[in-house]
Amino acid sequence: MGIVINYCENYEEMSWQAAEIVAGEIKSKENFVLGLPTGSTPLGMYENLIEMNKSGKTDFSKITTFNLDEYYPIKRDNSQSYYKFMFDNFFGKININPENINIPDGEATDAKIECGTYDQKINHAGGIDLMVIGIGPNGHIGFNEPGNFLLPNTHVAVLTEETKEANKRFFDSVNEVPDRALTMGMGSIIAKSKKILMLVSGKSKANAFRQFLEGKITSGNPATFLYLHNNIIVLSDIEI
């Protein structure tokens, strides 16, 4: 156990290996609990898992899922909500029970209560068997951004101007990017996940990944906190 790093020749290989790992883990346990990210990095993995489901290789009917984060406030039917992203790119194309899907509620009237409830749901499910995550160009995981400190549990994160600027390409203007988000904290991810699969894709992640490989834990690169976990697989299509 510890951290295992596998370098892949390209994005397609990384996405295939990620799907194979997820599919294998799901088969290993009934009522499997799976943690999932959004963003461009996992799209290839989702496409492969959809094909595995269509071919009968992988069954999602008994799994429970917990997503990493969601903008706040945002309507579920907003074209940029992570709720819509997940249903458009994955949930709507597999045989998953909608009642077993958990995504932070961007429409919650009280964000702090929603965060506490979300952690309780994860606890009630017995934790997360496999948590799939990506890494941002600055080392962020979910909306856990670099800073002087990190919040451990699911919480309301204030988006930095850098993050809003990076995400504005998905909206009509930067003014439409929500100011906040609901995100699992690094403590939630590490303490509640039995195994973690981190996907690293694209040259823009090279500097953050290089810092991660140094093995020094710092809030300046939230991904480095993963060294506090003892069962992590890293798949990367860039070699440092």
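**View 1. Glu145 sits in a loop.** In this predicted model, glutamate 145 belongs to the loop that runs between S6 and strand S7 (155-158). Glutamate 145 is buried, and yet it makes no salt bridge. Look for the nearest side chain of opposite charge and you land on arginine 169, 11 Å away. What does the side chain of glutamate 145 have instead by way of a polar contact? Its partner is the side chain of asparagine 138, at 2.9 Å.

**View 2. The second largest pocket, with Glu145 among the residues closest to its centre.** This pocket holds about 210 Å³ of space. It is lined by 13 residues, and Phe143, Glu145, Phe149, His155 and Ala157 are the closest to the centre. Sorted by class, the lining comes to eight nonpolar, four polar and one charged.

**View 3. The largest pocket, at about 910 Å³.** Here the lining runs to 38 residues, with Gly39, Ser40, His140, Asn167 and Arg169 closest to the centre.

**View 4. Helices and strands around the largest pocket.** Which element gives the most to the lining? That's H3, with five residues. Helix H3 covers 82-89, and strand S4 (69-72), strand S6 (130-134) and helix H5 (161-167) join it in each supplying at least two lining residues. S6 is also one end of the loop that carries glutamate 145.

Methods
Residues numbered from 1 in each chain as written. Predicted model: local features only at pLDDT ≥ 70, side-chain atom pairs only at ≥ 80, totals over all residues. Heavy atoms only, no water. 1 Å grid on protein atoms, 1.4 Å probe; cavity = no way out; pocket = protein on both sides within 12 Å on 5 of 7 lines; lining within 4 Å. Points joined across faces, edges and corners; volume = space filled by probe spheres on them. Helix = DSSP H or I, 4+ residues; strand = E, 2+ residues; numbered from the N terminus. Nonpolar A, V, L, I, M, F, W, Y, C, P; charged D, E, K, R; others polar. Buried < 20%, exposed > 50% of the residue type's maximum accessible area, 1.4 Å probe, protein only. Lys, Arg positive; Asp, Glu negative; His and termini not counted. Salt bridge = Lys/Arg side-chain N within 4 Å of Asp/Glu carboxyl O. Polar contact = N/O pair within 3.5 Å; in protein donor to acceptor, adjacent residues only side chain to side chain.
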